[in-house]
Amino acid sequence: LIVGCNNSVIPSDNSVTNVSDYVFSGCSNMTDITIPNSVKSLGRYVFEGCTALETITIPNSVTGIGYGVFSGCSGLKSISIPFMGANASKTSDAQLWYLFGGNSYQYSVPDSLKTVVITGETNIGNYAFSNCSGLTNITIPNSVTSIGDNAFSGCSGLTSITIPNSVTSIGDEAFRGCSRLTSLTIPDSVTSIGNSAINSERDFRKTQQKIPNKIENSLQMIA
């Protein structure tokens, strides 16, 4: 690694496979950095306090991400990540706050974050984006087969979302509290949808929705 905050570089010659804990911590003037495809893992708090960093892409070559990798990145606007949480096969900590050093009791995702692109996940876990009210755009890849309970609950900034044809199930209250959602597409591939998945009947009816009849007829709304 070449580390100097403003001019930090991760070599693209395949020499770096692991970025250790705290490597770029405190580089508050760093505005951009490229993670090459040779990198397999990112340690804890790698970009902690990089307040000028606005966008970052974690390539699909990465199979492990340390807790708090973006902690204190208060200016971050857009991220592209291969999966939610610590690794692609995790059973817990699969929420966005994991990347920002938070927990289920301490919300840590910055209000500046507007866009999240997921590139290789197979399921969106329970509470994955819960209460990320600043998010306006989330891209779900065709690899995802299920969306968990409360996955997007409280995402009041979302105005539209498209569920890919790979998804077969959507959990309880998945979109509860998405009060600005005006466009929702649920494909024919979805065979089950949880209770109160949509915020309310009033909000559901005003949404420009594309929902299979077999699903719409069985939806239970929040009163």
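**Reading strands, core and rings in a predicted model**

Me: Four bridges join strand S5 to strand S6, and the two run parallel. Which residue stands opposite Ser 80 in S6?

Reply: Val 117 stands opposite Ser 80. Keep in mind that this is a predicted model. S5 covers residues 78-81 and S6 covers 115-118. As a general idea, side chains in a regular strand alternate between the two faces of the sheet. S6 also pairs with S8 in the parallel sense, over three bridges. There, Thr 115 has Asn 137 of S8 as its bridge partner.

Me: What is the order of strands in the open sheet, and which of them stand at the edges?

Reply: The order is S1-S2-S4, with parallel pairing. S1 (18-19) and S4 (64-65) are the edges; each has a single partner strand, so one side of each is left without a neighbour in the sheet. S2 spans residues 41-42 and is joined to S4 by two bridges. In that pairing, Ser 41 stands opposite Gly 64.

Me: Now the whole chain. How many helices and strands does the protein have, and what share of the residues is buried?

Reply: There are two helices and 14 strands. Of the 223 residues, 51% are buried. The protein exposes about 9,800 Å², and carbon and sulfur atoms supply 43% of that area. For contacts with a separation of 6 or more, 33% are between residues 24 or more positions apart.

Me: How should I read the core? Which residues have the most contacts inside it?

Reply: The general idea comes first. In soluble globular proteins, nonpolar side chains tend to be buried together. Here, the largest nonpolar core has 63 residues. Those with the most contacts inside this core are Phe 47, Phe 70, Leu 96, Phe 129 and Phe 152. S5 and S6 each supply at least two residues of the core.

Me: Take Phe 129. What is it in contact with, beyond its neighbours within four places in sequence?

Reply: Its contacts include Met 84, Leu 96, Val 116, Ile 118, Ile 138 and Phe 152. Phe 129 is buried, at 0% relative accessible area.

Me: How many aromatic pairs are there, and how is such a pair described?

Reply: A pair of aromatic rings is described by the distance of the centres and the angle of the planes. The count here is eight aromatic pairs. Take Tyr 67 and Tyr 98: the centres are 5.6 Å apart and the planes at 70°, so the pair is edge-to-face. Tyr 67 is in the loop between S4 and S5, and Tyr 98 in the loop between S5 and S6, so the pair ties together parts that are 31 residues apart in sequence. Tyr 67 is partly exposed at 26% relative accessibility. Tyr 98 is buried at 7%.

Me: What kind of pair do Phe 129 and Phe 152 form?

Reply: A stacked one, with 5.4 Å centre to centre and 5° between the planes. Phe 129 lies in the loop between S7 and S8, and Phe 152 in the loop between S9 (146-147) and S10 (160-162), so the pair ties together parts that are 23 residues apart in sequence. Phe 152, at 0% relative accessibility, counts as buried.

Me: Which residues do ring pairs link into a cluster?

Reply: Tyr 22, Tyr 45, Tyr 67 and Tyr 98. Look at the backbone of Tyr 22 too. Its phi is near 65°, a positive value in a residue other than glycine. Tyr 22 sits in the loop between S1 and S2, and counts as partly exposed at 39% relative accessibility. Asn 131 also has a positive phi, about 65°, and is not a glycine. The loop between S7 and S8 (137-139) holds Asn 131. Asn 131 is partly exposed, at 47%.

Me: Is Glu 121 buried or exposed?

Reply: Buried, at 1% relative accessibility; the cut-off is under 20%. Glu 121 lies in the loop between S6 and S7 (123-124). Beyond four places in sequence, its contacts include Pro 82, Phe 83, Met 84, Lys 90 and Pro 141. Gly 85 is buried as well, at 1%. Gly 85 lies in the loop between S5 and S6. From Gly 85 to Gly 125 is 40 residues in sequence and 9.5 Å in space, C-alpha to C-alpha.

Conventions
Residues numbered from 1 in each chain as written. Predicted model: local features only at pLDDT ≥ 70, side-chain atom pairs only at ≥ 80, totals over all residues. Heavy atoms only, no water. Buried < 20%, exposed > 50% of the residue type's maximum accessible area, 1.4 Å probe, protein only. Contact = heavy atoms within 4.5 Å. Areas by Shrake-Rupley, 256 points an atom, 1.4 Å probe, with all protein chains shown as cover. Pairing = 2+ DSSP bridges. Core = buried A, V, L, I, M, F, W, Y, C linked by side-chain atoms within 4.5 Å. Phe/Tyr/Trp six-rings, centres within 6.5 Å; stacked < 30°, edge-to-face > 60°.
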